[in-house]
Amino acid sequence: MEKPLISVVMGVYNPPSYNVLKRAIDSVLNQTYENIEFIICDDGSNVETKQWLDEIAQIDQRIKCIDNSTNIGLAATLNRCIQVSKGEYIARQDADDYSDKTRFDKQVNFLGKNPQYAFVGSNIYYFSEKGVWGHFLYPQYPQKSDFLWVSPFCHGSIMFRREALQETEFYRVAKETLRCEDYDLFMRMYINGFRGANICEYLYFFCEDEAAIQRRKMSDRMDEVKVKVRYFGKLGLYPKGIMYLIKPLVVGLIPSKCLSQLKNIIYKRTC
């Protein structure tokens, strides 16, 4: 088998059902771009999940399953996947989301034509068990100021250049990055001089019900504040950034239907 151009990395921890996991994996295997390897790391899941993965691994020779003996979190799990990967590009896929079948083709084409960008994502649809209920448009070419509100990228939709990840020293494993490892990584990449972009198409389907934001723990919101404090100065976002430090705490009070509309107003859309 030829050397894969793309290494797709996925962390799995007790998905809600076999069908949810299979849907995510099928969306990778059925991509129009086929020269991939698919590295799936089970992050200390239950026996049933391990059985599902053993069964799914037999479907396609491009799948490589590894596992953690205990649950170590997404950042450390993704670092393990990247360590054993071989591709020039590293693509993310979450175990409860799914991708449009043309996603990889379009992202490889973009990175090939735009060497100035270290990674690329896309716009997203929100869906739940009831179907697609919303969408979100990200800035096409995010600037440092776009990190004030929240990450201007959807983590699961991203394709990275391997060398950019290496120079940024991959995901930072720390208590405060357990729920915002992507926000932490993207800001560090921008601090190191790398830039990302978003394709102006809906190439990723993000699983989230309309009340999910309100269920987020206060400790997770405090961790986001810590990550902002750590990097806002290095990104040159002060003094304006001071008012955004309390954003994670305030967001919990905003109705979810209003939040997506508010973010679309805050960002200057170019898509």
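The model is predicted, so local features need pLDDT of at least 70 and side-chain atom pairs count only at pLDDT 80 or more, while totals for chains, interfaces and linings use all residues. Residues are numbered from 1 along each chain as its sequence is written, and side-chain values use heavy atoms, with hydrogens and water left out.

One of these pairs is formed by Phe153 and Phe186, which are tilted, at 5.1 Å centre to centre and 55° between the planes. Because Phe153 lies in the loop between β7 (131-136) and β8 (159-161) whereas Phe186 belongs to helix α6, the pair ties together parts that are 33 residues apart in sequence; helices (H or I, at least four residues) and strands (E, at least two) are DSSP runs, numbered from the N terminus. Phe153 counts as buried at 2% relative accessibility, and Phe186 does so at 0%, buried meaning under 20% relative accessible area, exposed over 50% and partly exposed in between (1.4 Å probe, protein chains only). The rings of Phe232 and Tyr238 have centres 6.2 Å apart and planes at 65°, and the pair is therefore edge-to-face. Here Phe232 is buried, at 0% relative accessibility, but Tyr238 is partly exposed, with a relative accessible area of 35%. Ring pairs also link Phe119, Phe147, Phe153, Phe160, Tyr183, Phe186 and Tyr190 into a cluster.

Leaving aside neighbours within four places in sequence, Phe119 has among its contacts (heavy atoms within 4.5 Å) Phe153, Phe160, Phe186, Met189 and Tyr190.

Strand β2 is mostly covered, with 8 of its 8 residues buried. In a regular strand the side chains alternate between the two faces of the sheet. In β2 both faces are covered, with Ile36, Phe38, Ile40 and Asp42 buried on one side and Glu37, Ile39, Cys41 and Asp43 on the other. β1 and β2 pair in the parallel sense over 7 bridges, two strands being paired if DSSP finds at least two bridges between them, and Ile40 in β2 is the bridge partner of Met10. From β1 the chain crosses through helix α1 (residues 18-29) to β2 in a right-handed β-α-β crossover, a term that applies if, with the strands pointing away from the viewer, the path from the first strand over the helix to the second runs clockwise. β2 and β3 also run parallel, joined by 6 bridges, and Asp42 has Asp67 in β3 as its bridge partner. The crossover from β2 through helix α2 (residues 47-56) to β3 is right-handed.

Helix α3 has Ala75, Ala76, Thr77, Leu78, Asn79, Cys81 and Ile82 buried, and its buried residues pack against β1 (6-12), β2, β3 (63-68), β4 (89-92), α5 and α6.

Definitions and conventions. Phe/Tyr/Trp six-rings, centres within 6.5 Å; stacked < 30°, edge-to-face > 60°.
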